[in-house]
Amino acid sequence: MKARLGTIARTSPFCYGGRHSLEEKTMQPHSFLRKAAAALTAVLFAVLVTTVSAIAASEFEGAWKVQDTKGNPFEITLSADGTAKGDRAGEGLTGKWEANEKRAVITWDTGWTTKIVKKGDKFEKRAYEKKPAKGDDPTHTSDAEKVQ
């Protein structure tokens with residue numbers, strides 16, 4: 001029997017008479033190691049990303065004093081579970097937040113978006129009436145002070 005490209009023909013010693021031909025696919029000797037290395041690399045990358053996100057999030061987690069769009073006091077609380085609460089003149093706001101190493105982005109249930117951005121050793125609050133596109137100017141800015 002002719003062997004096709006990528007396969008080898010051999011005689012099996014376990015078949016009757018020892019003359020039975022089998023076709024087997026050739027195995028690349030390092031294919032398993034390559035796949036294992038790729039899987040391990042993916043797992044390590046996922047752990048690294050999760051760790052960096054957790055470190056970044058922990059810097060923003062807590063209570064913040066900022067100002068609303070009219071300059072009135074506004075307190076924002078960012079919880080470890082990704083929920084955000086706001087207290088603005090007795091009005092309770094809720095939303096979700098996520099962070100990277102430079103900013104926390106809060107998406108409020110009202111449709112507004114607030115960013116708390118690290119600028120050197122200080123923080124700034126930026127409010128957007130709708131979800132901002134890259135380069136959009138904020139509707140309002142104020143200092144942000146972490147109080148807890």
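Two strands count as paired here if DSSP finds at least two bridges between them. Strands themselves are DSSP runs (E, at least two residues), numbered from the N terminus. With that in hand, seven bridges join strand E8 (residues 113-119) to E9, and these two run antiparallel.

What you have is a predicted model, where local features need pLDDT of at least 70, side-chain atom pairs count only at pLDDT 80 or more, and totals for chains, interfaces and linings use all residues. Residues are numbered from 1 along each chain as its sequence is written, and side-chain values use heavy atoms, with hydrogens and water left out.

**The barrel**
- Eight strands make a closed barrel in the order E3-E4-E5-E6-E7-E8-E9-E10, with antiparallel pairing.
- From one strand to the next, the twist averages 30 degrees (axes are lines fitted to C-alpha atoms, and angles run from 0 to 180 degrees between N-to-C directions).
- E3 (residues 62-67) and E4 (residues 73-78) are antiparallel partners over six bridges.
- Look for Gln67 facing its bridge partner in E4, Pro73.

**Around strand E9**
- Six of the seven residues of E9 (residues 122-128) are buried, so this strand is largely enclosed by the rest of the structure. Buried means under 20% relative accessible area, exposed over 50%, and partly exposed in between (1.4 Å probe, protein chains only).
- E8 and E9 form a hairpin with two residues between them, and Gly120 in that turn has a positive phi of about 70 degrees.

- Most residues other than glycine have a negative phi.
- Ala89 is not a glycine, yet its phi is positive, at about 50 degrees.
- You'll find Ala89 in the loop between E5 (83-88) and E6 (91-99).
- Ala89 counts as exposed, with 77% relative accessibility.

- pLDDT is the predictor's confidence in each residue, from 0 to 100. The protein chain averages 79, and 71% of the residues score at least 70.
- Residues 20-24 stay under 50 in pLDDT, and the model has 16 contacts for them beyond four places in sequence (contact means heavy atoms within 4.5 Å).
- Residues 51-56 also stay under 50, with four contacts beyond four places in sequence.
- Where pLDDT is low, the predicted coordinates should not be read in detail.

Technical notes. Helix = DSSP H or I, 4+ residues; strand = E, 2+ residues; numbered from the N terminus.
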